[in-house]
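Please examine the structure shown here, with attention to its strands and to its charged side chains.

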Amino acid sequence: AGDLAQVSIRVTTPELGVGTRAFGDGAKQMDLHYAVYNVQKDGNGQDVLTFLDELTPVTPPTFTGNTTVELQLVTGNTYKVICWADNTKAPYTLQWEDEDGNANPSMTIDYSNVTSNNEDYDAFYAWREIYVENTTSVHLDLGRPFAQLNIGTDDIIEASKAGYTLKETQVTVPTYKTLNLWNGEVSDAVTATFRFADYPN
């Protein structure tokens, strides 16, 4: 215990390119953010996490749906690793610690300039706990934390015959601003308007 060991985390997005959505294949999500936390137990047996900023890149590496993160971690220790993949144009802010320096990973959305039908807002995310005994290889599949809202209508042709051509859509929905990246809980309820934008063909 106490020696450094090479830990390889193979990060993949199985949903990438899969036809599970009417719009967007996730191929634009090429920035892989990740954070590493050391896990210890307090006197009550509860997890105490320490954010390891020296292992967390400031500039996210380029991600194409399949990459390997290489870390030097200490044997005999337990770690939690969070991975989040998005696009540089996405309205998300990741926070690995709170204002008091406590481990509190979260993602916050800025809805002030969002538009409809924008594939840039897709994202992938997952976390896992790793106990390091020696050189280790693990696999982490990222999944989508968001739902896609599909709106359908059966009268576009009739509208066109009547002289109305549909070009754009806008939608207002009740949602949330903050996602806790440990437990998946949402908070900060808000009504967000995704402004008019060309609808996909």
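The following paragraphs discuss a sheet and then the salt bridges. The model is predicted.

The description begins with the strands. Four of them form an open sheet in the order β3-β2-β5-β8, with antiparallel pairing. At the edges stand β3 and β8, each of which pairs on one side only. From one strand to the next, the twist averages 25°. Strands of a sheet pair through backbone hydrogen bonds, in either a parallel or an antiparallel manner. Within this sheet, strand β2, which covers residues 31-41, runs antiparallel to β5, and nine bridges join the two. One point of reference along this pairing is Val36, whose bridge partner in β5 is Val81.

The charged side chains come next. The count of salt bridges is three. Two of these involve Asp47, and the residues Lys41, Asp47 and Lys80 are linked in a network of salt bridges. In the contact between Asp47 and Lys41, the closest N and O atoms are 2.5 Å apart. In the contact between Lys80 and Asp47, the corresponding separation of the closest N and O atoms is 3.7 Å. Because Lys80 belongs to strand β5 (residues 78-86) and Asp47 to strand β3 (residues 47-51), this pair ties together parts that are 33 residues apart in sequence.

Lys41 is exposed, with a relative accessible area of 59%. Asp47 is partly exposed, at a relative accessible area of 31%. Lys80, by contrast, is buried, and its relative accessible area is 11%. The value for Lys80 falls under the 20% cut-off for buried residues, whereas that for Lys41 is over the 50% required of exposed ones.

A further salt bridge joins the side chains of Arg144 and Asp122, with an N to O distance of 2.9 Å. This pair links distant parts of the chain, 22 residues apart: Arg144 lies in the loop between β9 (136-141) and α1 (156-161), and Asp122 lies in the loop between β7 (103-109) and β8 (124-131). How accessible are the two partners, Arg144 and Asp122? Arg144 is buried, with a relative accessible area of 15%, and Asp122 also counts as buried, at 8% relative accessibility.

Methods:
Residues numbered from 1 in each chain as written. Predicted model: local features only at pLDDT ≥ 70, side-chain atom pairs only at ≥ 80, totals over all residues. Heavy atoms only, no water. Salt bridge = Lys/Arg side-chain N within 4 Å of Asp/Glu carboxyl O. Buried < 20%, exposed > 50% of the residue type's maximum accessible area, 1.4 Å probe, protein only. Helix = DSSP H or I, 4+ residues; strand = E, 2+ residues; numbered from the N terminus. Pairing = 2+ DSSP bridges. Axes fitted to C-alpha atoms, helices over the stretch in contact; angles between N-to-C directions.
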